[in-house]
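Reader: I'd like to learn how to read helix packing. Could you take me through an example?

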Amino acid sequence: MVQNRVRIVDVADALGLSTATVSKVIHGKTEKISDETVKSVQQELENSGYIPNMAGILLARNNSRIIGGVVNDHEKYEGRVLEDGFVKLIMKN
């Protein structure tokens with residue numbers, strides 16, 4: 001699968017900056033970064049169509065509260081049992 005997503009490294013390369021600088025601007029930690037650099041990063045983010053990766057953000061926060069499950073789609077398994085159990089699990093939390 002080919003993805004044409006703009007990454008932090010792409011923005012950093014385009015501006016000749018480090019990925020850490022771009023990341024700090026994205027997350028608003030700009031105390032030690034010049035206003036000129038902040039503006040140029042923000043402009044490049046907008047021009048390039050950068051979209052933050054929500055999966056990465058949730059992973060970094062370590063509090064997504066997302067539950068995943070793997071189900072074998074085989075006729076001997078009853079899907080309804082999983083649905084009922086999953087709903088009960090969600091209702092408890």
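Author: Let's go from the overall layout to the helix pairs. This is a predicted model, where local features need pLDDT of at least 70, side-chain atom pairs count only at pLDDT 80 or more, and totals for chains, interfaces and linings use all residues. Residues are numbered from 1 along each chain as its sequence is written, and side-chain values use heavy atoms, with hydrogens and water left out.

Reader: Okay, how many helices and strands does the protein have?

Author: Helices (H or I, at least four residues) and strands (E, at least two) are DSSP runs, numbered from the N terminus. Here you get five helices and zero strands, so from the N terminus the order reads α-α-α-α-α.

Reader: Now the packing. At what angle do H1 and H3 pack?

Author: Axes are lines fitted to C-alpha atoms, for helices over the stretch in contact, and angles run from 0 to 180 degrees between N-to-C directions. For H1 (residues 8-15) and H3 (residues 35-48), the angle is about 120 degrees and the axes are 10 Å apart. That makes H1 oblique to H3; angles under 35 degrees count as roughly parallel, over 145 as roughly antiparallel, 65 to 115 as roughly perpendicular and the rest as oblique.

Reader: Which residues make that contact?

Author: Contact means heavy atoms within 4.5 Å. H1 brings Val11, Ala14 and Leu15, while H3 brings Ser40, Val41, Glu44, Leu45 and Ser48. Sorted by class, they are five nonpolar, two polar and one charged. For those classes, Ala, Val, Leu, Ile, Met, Phe, Trp, Tyr, Cys and Pro count as nonpolar, Asp, Glu, Lys and Arg as charged, and the others, Gly among them, as polar.

Reader: How do H2 and H3 cross?

Author: The axes of H2 (residues 19-26) and H3 come within 10 Å and cross at roughly 85 degrees, and therefore these two helices are roughly perpendicular to each other. Thr21, Val22, Val25 and Ile26 of H2 meet Thr37, Val38, Val41, Gln42 and Leu45 of H3. That contact has six nonpolar, three polar and no charged residues.

Reader: What about H1 and H2: how far apart are their axes?

Author: Their axes are 8 Å apart, at an angle of about 115 degrees. That makes H1 roughly perpendicular to H2. Ile8, Val9, Val11 and Ala12 of H1 touch Thr19, Val22, Ser23 and Ile26 of H2.
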